[in-house]
Amino acid sequence: MNIDSLSWKILKCLQINARQSNAEIGRQVGISSPAVSERIKKMEDAGVIQSYNTLVSPFEVGYQLKALITLRAFMGMLKPFLEKVKTYNEVINCYRITGNENIVMEVVLKDQKHLESFIDQLIVYGESKTQIVLSHVIKHSEVKQLK
């Protein structure tokens, strides 16, 4: 789908606040509410807009740690791990990557003991490396128009 500058403006509005009305978006970008609705529907149908989500602060609901964990899977263990990782409640994002490691996961954990227990579950599948997140530098940045 070809995204013109007006649709990019709509996408920016939605990425900042997906709960604002089509009328409010229309006021911001200079078109009518029905025109906004039509453009949004086309972008949803084309898969440009994939979903609308609620972001929950893990720290406000009781988690103490956020970590990035990479995994270098043992021979023959990557495919079993790709199925197993879907069952871990701690994993909030998981990517298959290139390089020495096969997987990078973003995880949330109650405390250091929970981290230790989680790592113990991973060692069956491969060698892991863990980095504790101290703070966010960029958080949920919008996808911007290519130039």
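**Pockets, sheet and a buried helix residue**

The lining of the largest pocket comprises 10 nonpolar, eight polar and one charged residues. Ala, Val, Leu, Ile, Met, Phe, Trp, Tyr, Cys and Pro count here as nonpolar, Asp, Glu, Lys and Arg as charged, and the others, Gly among them, as polar. The model is predicted: local features need pLDDT of at least 70 and side-chain atom pairs pLDDT 80 or more, whereas totals for chains, interfaces and linings use all residues. Residues are numbered from 1 along each chain as its sequence is written, and side-chain values use heavy atoms, without hydrogens and water.

A pocket is an open set of points on a 1 Å grid over the protein atoms alone, where a 1.4 Å probe fits, with protein on both sides within 12 Å along at least five of seven lines; lining residues have an atom within 4 Å of a point. Volume is the space filled by probe spheres set on the points, which are joined across faces, edges and corners. The largest pocket has a volume of about 850 Å³. Of its 19 lining residues, Leu14, Gln15, Ser51, Asn53 and Val143 lie nearest the centre. The second largest pocket has a volume of about 380 Å³. It is lined by 14 residues, with Leu55, Val56, Lys66, Ile92 and His140 closest to its centre. This lining divides into five nonpolar, six polar and three charged residues.

Four strands form an open antiparallel sheet in the order β2-β3-β1-β4. Strands (E, at least two residues) and helices (H or I, at least four) are DSSP runs, numbered from the N terminus. Two strands pair if DSSP finds at least two bridges between them. The edge strands, β2 (91-96) and β4 (126-132), each pair on one side only. Strand β3 (residues 103-109) pairs with β2 over five bridges. Tyrosine 95 stands opposite valine 104, and valine 91 opposite valine 107. Six residues separate the strands of the β2 and β3 hairpin, where glycine 99 takes a positive phi near 105°. Seven bridges join β3 to strand β1 (residues 65-73). Isoleucine 69 has methionine 105 as its bridge partner in β3.

Seven of the seven residues of β3 are buried (under 20% relative accessible area, 1.4 Å probe, protein chains only). Ile103, Met105, Val107 and Leu109 point one way, and Val104, Glu106 and Val108 the other.

Leucine 11 lies in helix α1 (residues 5-16). Leucine 11 counts as buried because its relative accessibility is 9%. Beyond four places in sequence, leucine 11 touches Ile3, Met43, Val48 and Ile49 (heavy atoms within 4.5 Å).

Definitions and conventions:
Buried < 20%, exposed > 50% of the residue type's maximum accessible area, 1.4 Å probe, protein only.
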